[in-house]
Amino acid sequence: MSQTTARSRVFVGAGTWTSQRKHGGLFRQIVGENRWESLTKGLPEPMSVQAITIAPSEADRIYVGTQDGPYRSGDGGATWERGDFPRDLQVWSIAVHPKSARTVYAGTSPVGVWRSDDGGDTWRQLPNVKQPDRIKMSFACRVMRLAIVPDAADQIYAALEVGGVLRSLDGGEHWEDCADALVSLSGRPHLKSKIQSDSEAEGMLDAHALAVSDAAPGAVFLAVRMGLFRSDDRGMKWQDLEIGRFSPLTYGRDIRVSPHDSRTLYAALSPAARSEDGSLYRSADLGKTWMRVDHDVKARATMMGLALHPRDPDQVYCASRCGQVFGTQDGGRTWSESSLPGGIDDVYAIACG
């Protein structure tokens, strides 16, 4: 086992939003050990965790988004504390500024984006973050993912479930809707979908994750209910990556850019939000072609998230909704499976570092 592998940890967050057993939480495993530790010290009880972000420059500094706002740890998850943040907001996404480790963004439900400039001690709500009035769902829309452009850090993108995409080009002070083109794409027969609303654009606006790469300036990669999409003009126009040419599963739940090769993307794909299958795909050419990488993995539920190790390109992890966690430490040649403690059936987030 390499030194990087020996020091690595995997974190998984589970919620209670649709779980009949109402058992969520935050769990940690040391890579190489088949044991999950429940992390609770300083965290709310009961606990729903739907976002986990490890600070890029400090592996022991971790942020989680819960039903009670954002919490942070400075000791690798052993203890947690809460900053000055409103009590009535759920946090569904957290992003650390690529140039300033003390600057942190949190995306909420109801839709909002908050910013901390002191590592999470205090927070302020950013103005002008407004969800367009397109879709009426049975739950409050939420900011599922925030992405900051590494070489143009004033450019921030937000994926909304169910609301499409917002962008800011001035560090978060002003925001624009980027979903008109997604709505237009929903006119195509294979991209129509409505489950709760009266709009067949619902599926195209059901955004779960987005990512940006310095190998493609101006590009945004988006995972929605109907598949994977790409914009080359900062979110104004979108094109279908036609993931169905490469995968029988097209429901996009997560998409991330490799921290080691900015042309390499990973995506978590499944048949639907609640299903009995899921898989992990990789593209080495910014989404033009894809291939499955989780060989011999048998997911029993929707693949909800994936995590790429920031220091070791051979380590990749993914998690299914029912608490299966899959990992490779050899670049995908072999995979192992480890299950979270019994009663977990609503995994939302996974991170490693």
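Trainee: In the hairpin of S2 and S3, which residue takes a positive phi?

Mentor: The model discussed here is a predicted one. Strands S2 and S3 (residues 37-39) pair in the antiparallel sense over three bridges, and their hairpin has six residues between the strands. Within this hairpin, the residue with a positive phi, near 100°, is Gly-32.

Trainee: Is strand S2 mostly covered or mostly uncovered, and how many of its residues are buried?

Mentor: Strand S2 covers residues 25-30. Strand S1 (residues 9-14) pairs with S2 in the antiparallel sense over six bridges, and S3 pairs with S2 over three bridges. S2 is mostly covered, and the number of buried residues among its six is five.

Trainee: Which residue in S2 is the bridge partner of Phe-11?

Mentor: Two bridge positions of S2 may be set side by side. Phe-27 stands opposite Ser-38 in S3. For Phe-11, the bridge partner in S2 is Arg-28.

Trainee: Which residue in S11 does Arg-115 stand opposite?

Mentor: Strands S10 and S11 run antiparallel and are joined by two bridges. The residue in S11 that stands opposite Arg-115 is Arg-124.

Trainee: How many aromatic pairs does a search of the whole structure find, and why is the pair of Phe-85 and Trp-114 called tilted?

Mentor: The search finds three aromatic pairs. For Phe-85 and Trp-114, the ring centres are 5.0 Å apart.

Trainee: What kind of pair do the rings of Phe-85 and Trp-123 form?

Mentor: Both Phe-85 and Trp-123 are buried, and ring pairs link Phe-85, Trp-114 and Trp-123 into a cluster. The ring centres of Phe-85 and Trp-123 are 5.6 Å apart, and their planes stand at 85°. With planes over 60 degrees apart counting in this class, the pair is therefore edge-to-face.

Trainee: Which residue lies over the face of Phe-139?

Mentor: Two placements of an arginine over a ring may be named. Arg-321 lies over the face of Tyr-348, at 5.8 Å from the ring centre. Over the face of Phe-139, at 4.4 Å from the ring centre, lies Arg-142.

Trainee: How many residues does the largest nonpolar core have?

Mentor: Those with the most contacts inside this core include Leu-182, Phe-229 and Trp-238. Among the elements that each supply at least two of its residues are strand S13 (156-161) and helix H2 (180-185). Apart from it lies another core, of 18 residues, with Ala-216 and Ile-243 among them. The residue count of the largest core is 26.

Trainee: How many residues apart in sequence are the parts tied together by Asp-177 and Arg-134?

Mentor: The structure holds 27 salt bridges, and one of them joins Asp-177 and Arg-134 at 2.4 Å, N to O. Asp-177 lies in strand S15 (residues 176-177) and Arg-134 in the loop between S11 and strand S12 (142-148). The pair therefore ties together parts with a separation in sequence of 43 residues.

How values were computed: Residues numbered from 1 in each chain as written. Predicted model: local features only at pLDDT ≥ 70, side-chain atom pairs only at ≥ 80, totals over all residues. Heavy atoms only, no water. Core = buried A, V, L, I, M, F, W, Y, C linked by side-chain atoms within 4.5 Å. Buried < 20%, exposed > 50% of the residue type's maximum accessible area, 1.4 Å probe, protein only. Helix = DSSP H or I, 4+ residues; strand = E, 2+ residues; numbered from the N terminus. Phe/Tyr/Trp six-rings, centres within 6.5 Å; stacked < 30°, edge-to-face > 60°. Lys NZ or Arg CZ within 6 Å of the ring centre and 35° of its normal. Pairing = 2+ DSSP bridges. Salt bridge = Lys/Arg side-chain N within 4 Å of Asp/Glu carboxyl O.
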